[in-house]
Amino acid sequence: MSKEMASYFDQDGHLTEAAFDALIAGGADELARLEMAEHMDFCDACMIRYTERVLQDELMPPAQSVAPVVMAHIRRDARRQMFRRLATVAVAAALALTFWFTGAFDMQRNPKQGQALIQGANQAAAAITQGANSISGGLSGALQWLFQSKEGKQ
């Protein structure tokens, strides 16, 4: 062990105050810093002492405040959420007005038009169900083929 390294460790093998000063000030060479870091990796007592020393030093203030940037992001996100809510309300209102003016809610006064709307909705639901069933059948067939081809290779 070099003379410089000996000044960084005491008789018990723990780091000295000179070692902490050299670490904080950057005065130790690379090999000494690696030795001290390795020691603190397994010695909790020295790690606690080093942490207490570092926390006593005054922290540097940031070069510029991040508050304006963060607040701008928060305002932008708030505007986006508000726009999404307003868009949802506008679509719901447009649908409600469309149903109102087409007579969808007035089935007692105009039963033929109400029946036509109900039949159209039933046909659309049946078409969607049929499409979903065909997609499901195609996916099931593809998965069966995939598993059968893997079993054949093994």
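This is a predicted model: local features need pLDDT of at least 70, side-chain atom pairs count only at pLDDT 80 or more; totals for chains, interfaces and linings use all residues.
Residues are numbered from 1 along each chain as its sequence is written, and side-chain values use heavy atoms, with hydrogens and water left out.

View 1. A disulfide here is a pair of cysteine sulfur atoms within 2.5 Å, and a search of the whole structure turns up zero. C43 counts as buried at 8% relative accessibility, and C46 does too, at 1%. (Buried is under 20% relative accessible area, exposed over 50%, partly exposed in between, with a 1.4 Å probe and protein chains only.)

**View 2. The largest nonpolar core.** Such a core is a set of buried Ala, Val, Leu, Ile, Met, Phe, Trp, Tyr and Cys residues joined through side-chain atoms within 4.5 Å. Of its 13 residues, Y8, L15, A28, M36, M40 and C46 touch the most other members. α2 (17-25) and α3 (30-42) each supply at least two residues, and α2 gives the most, with four. Helices are DSSP runs (H or I, at least four residues), numbered from the N terminus.

**View 3. The buried side of α2.** A19, F20, A22 and L23 are the buried residues of α2. They cover an arc of only 160 degrees around the axis, so they lie on the same side of α2; the arc is taken from the directions from the helix axis to the C-beta atoms. Just after α2, G26 takes a positive phi of about 80 degrees.
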